[in-house]
Amino acid sequence: MSVKSLTLAELASALNADWQGEGAYAVHSAASLAHGQAGQIGFYADKKLKPQLSTTQLGVLILKPADEALFTGNKLLHPQPQQAFAHALALLYPTHLPAIGIHPTALVDPTATVHATARIGAYVCIGANSVVGADCVLHPRVTIYHGVKLAERVQIHSGAVLGADGFGYAPVQGQWIKVPQVGGVRIGADVEIGANTTIDRGALDDTVLGQGVKLDNQIQIGHNCVIGEHTAIAGCVGIAGSTQIGAHCMIGGAAMIAGHLRICDQVIISGGTLVASHITEPGQYTGVFPTLPHRAWAKLAGQLRHQIKS
Amino acid sequence: MSVKSLTLAELASALNADWQGEGAYAVHSAASLAHGQAGQIGFYADKKLKPQLSTTQLGVLILKPADEALFTGNKLLHPQPQQAFAHALALLYPTHLPAIGIHPTALVDPTATVHATARIGAYVCIGANSVVGADCVLHPRVTIYHGVKLAERVQIHSGAVLGADGFGYAPVQGQWIKVPQVGGVRIGADVEIGANTTIDRGALDDTVLGQGVKLDNQIQIGHNCVIGEHTAIAGCVGIAGSTQIGAHCMIGGAAMIAGHLRICDQVIISGGTLVASHITEPGQYTGVFPTLPHRAWAKLAGQLRHQIKS
Amino acid sequence: MSVKSLTLAELASALNADWQGEGAYAVHSAASLAHGQAGQIGFYADKKLKPQLSTTQLGVLILKPADEALFTGNKLLHPQPQQAFAHALALLYPTHLPAIGIHPTALVDPTATVHATARIGAYVCIGANSVVGADCVLHPRVTIYHGVKLAERVQIHSGAVLGADGFGYAPVQGQWIKVPQVGGVRIGADVEIGANTTIDRGALDDTVLGQGVKLDNQIQIGHNCVIGEHTAIAGCVGIAGSTQIGAHCMIGGAAMIAGHLRICDQVIISGGTLVASHITEPGQYTGVFPTLPHRAWAKLAGQLRHQIKS
């Protein structure tokens, strides 16, 4: 789907990288070390892929200056090869974002504020008193309820819902009485939110995502959660209400974090782990049953059940 | 976002509560014990928060008559403080629901029936022969397939899908032949359904949610499930086909319940628990691996794997 | 909701089955062995239900020729009773699919290609350079980003999103730099995709679902996954990026599969299992903590924590 072609020298200039090889060499697209061909650019940063350096057919490789000697073909030298590669992709490939402005089918409440540089896709709904900042991108079919504030450069993928009511009920005589959810949602700059992810509005205070937070698809963020800056959360994660996650954390896919917890900065939660207690020390935390051939699992499960009784 | 202001005496009258303090004291919004300020109302019911009673800056507190002596400021006495607080929120804060009637962009099949008091939001789709009862609220971008019946006061949040086909296939020579899903969905009165939750139509009989059931976001209810009255289910839960859940159950976030099971009334399933057998006794059930620092977890997992072999 | 009525002899002819009993017997709808009444058709294939054969009130039963003697009423003999039953359902019940063609509210990019026989529902969005093959069915509110190719007879349920950006970022000085996702999505013939399921576009290469794959609701497929032919995946499953699943696999509900793994053909993953390693042998794999009454679980969890220290 690439439509542009750039020379090695042009790429070096745009990426602020040194280059070696044939400056007029034309690059039209990008590929991995394993699948790359002539005319394609790739990058090397992960030592596990070192053996592929001798066999790759890539036309141009981006690698660290310290790794210069590992590759003999056309190359770009950059201290952050993956960052430079991301930049090259942005140069070579067209973007497919909604157009700047509000799509004719998008419904924006008269009391909402949408920055003139924002891109609001088809069938997006934006409720009362909500704010969409500069250079935000809302893909088709995003719902923003009332009282949701997006800072600059927030990108939200299709089907995401921000500001639906939190799950708040008072138990009264065996029934559940709804507690009106009157808080809002505040999303920091440079946040990206994946497809069909849901972020509930606060009960009284706001639900808050800090600057640079990245959420994958199908994540559920409960009311009054606070997610620290630059924390990345993989798909299918659920975070129950009023939990505070620190900055620079990484939460693996399908992890679940119970409500009213505090997770400190720099915590890594492994995929599939259920967190039910505060975490006060940085580091990686895991809690998944080992996966085994079914018969071995059944034996182990039986032993564990027996162990309780003894 | 509060726009109204009520005096202590007015609130007491509306909430049918006794009051003590300055009857003309003006309340304009609500807050928690921890964050409350003058002019704000909060409630006290959880004994764990008792220490906050001496430091809270709340202008008005709702508490039980028996707890009257614990707080010296303006107060409302009510046997169900959280219920009274929910009522106060409804009085103080504006609601932001779709308008009564059918939004011009909503598509309602000519054979569907929508009660005149229902609120049908933008871009909602309602299929053939479906019924939406009195005072229902369908937020923007809800899909109701054909043959789905909603009783009164059902509230459905954005992105939810009711009545998509259940996951039914006949295995024939290594391929999957689709089994037409010809049942419907029946939703009882006062049910609330969260954003992006999905409830499949029945294979032959209907999928049924009893009166007062509360579903959080991103829940998946398989075909022919029956959920008993006043059961509350937290986010990211999945319930596989043909399972029957009793009344007054509470299912924690990300719990998964296998198909064709019966769970009796008054069962609590802890978050993240996988239920693979019938449950015939009320009580709480749990099945999650303890979460540990990754190195400790790896050691434990290794010990368990070793244990099978011995 | 049945609107047609067929005789036993007519059904036998349409299903290419032998019949015994009253050829003019009228069938108007379908039901299970347990709930069936006169005028209804059902099937028998699961030996566990054998006791129901003597009590069922079904008007017509489909069963295998070898089981002929087990039932004395009107019957259809077919080697694949469930397949024949699926066929009977399709004959007796009306379908409720979007009409052939593109719904007036659907937005199709001028560079996209939609086959004339496809059914594109209301509020569907289809991006640039995407292709929708013959006889595809896109229910209301499906989003197809740019560069997504659907082969023939693909059915996609409401709220599903195909081709949103994969979760790809380069870590640079504590922040996340977005890596443009320039691959596409390719979906094979006869694939069905459930409500609110999300399938990310590839980072460089495509994300690929093989022919006959069946995905239930709320599944997340990461960028560059490859799912083999006729693999069936139940609801709430997440598959992280670049994982390859073989053909004819069955993945149980809420299972999570980590990234960059290879799962061979004919693998069964139990519901709720987290797969973190390659699987190279066919068979069933399980990894879930036994679910117990909460107090027993707490005791066992404590024992396990103690076990690490010793």
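How many residue pairs are in polar contact between chain C and chain B? The count is 25 residue pairs, both residues at pLDDT 80 or more. Here a polar contact is a pair of N or O atoms within 3.5 Å; within protein, one must be able to donate a hydrogen and the other to accept it, and residues adjacent in sequence count only if both atoms are side-chain atoms.

## About the model

This is a predicted model, in which local features need pLDDT of at least 70 and side-chain atom pairs count only at pLDDT 80 or more, while totals for chains, interfaces and linings use all residues. Residues are numbered from 1 along each chain as its sequence is written, chains are lettered from A and ligands numbered from 1 in the order in which they are written, and side-chain values use heavy atoms, leaving out hydrogens and water.

The model scores ipTM 0.96 and pTM 0.97. Chain A has a mean pLDDT of 96, with 99% of its residues at 70 or more; pLDDT is the predictor's confidence in each residue, from 0 to 100.

## Where chain C meets chain B

On this side, 59 residues of chain C are in contact with 63 residues of chain B, contact meaning heavy atoms within 4.5 Å. The two chains bury about 4,800 Å² between them, 63% of it on carbon and sulfur atoms. Buried area is the accessible area (1.4 Å probe) that two parts lose on being put together, summed over both. Tyr123(C), Arg141(C) and Ile308(C) supply 14% of the area that chain C buries against chain B, more than any other three residues.

One salt bridge is found across this interface: Glu192(C) with Lys178(B), whose closest N and O atoms are 2.8 Å apart. The rule asks for a side-chain nitrogen of Lys or Arg within 4 Å of a carboxyl oxygen of Asp or Glu.

## Where chain C meets chain A

About 4,800 Å² is buried here, with carbon and sulfur atoms giving 63%. Glu192(A) forms a salt bridge with Lys178(C), the closest N and O atoms being 2.7 Å apart.

Strands meet here as well: β37 (residues 292–293) of chain A and β36(C) pair in the antiparallel sense over two bridges. Strands (E, at least two residues) are DSSP runs, numbered from the N terminus, and two of them pair if DSSP finds at least two bridges between them. Within β36(C), Thr286(C) is the bridge partner of Leu292(A).

Terms used. Helix = DSSP H or I, 4+ residues; strand = E, 2+ residues; numbered from the N terminus.
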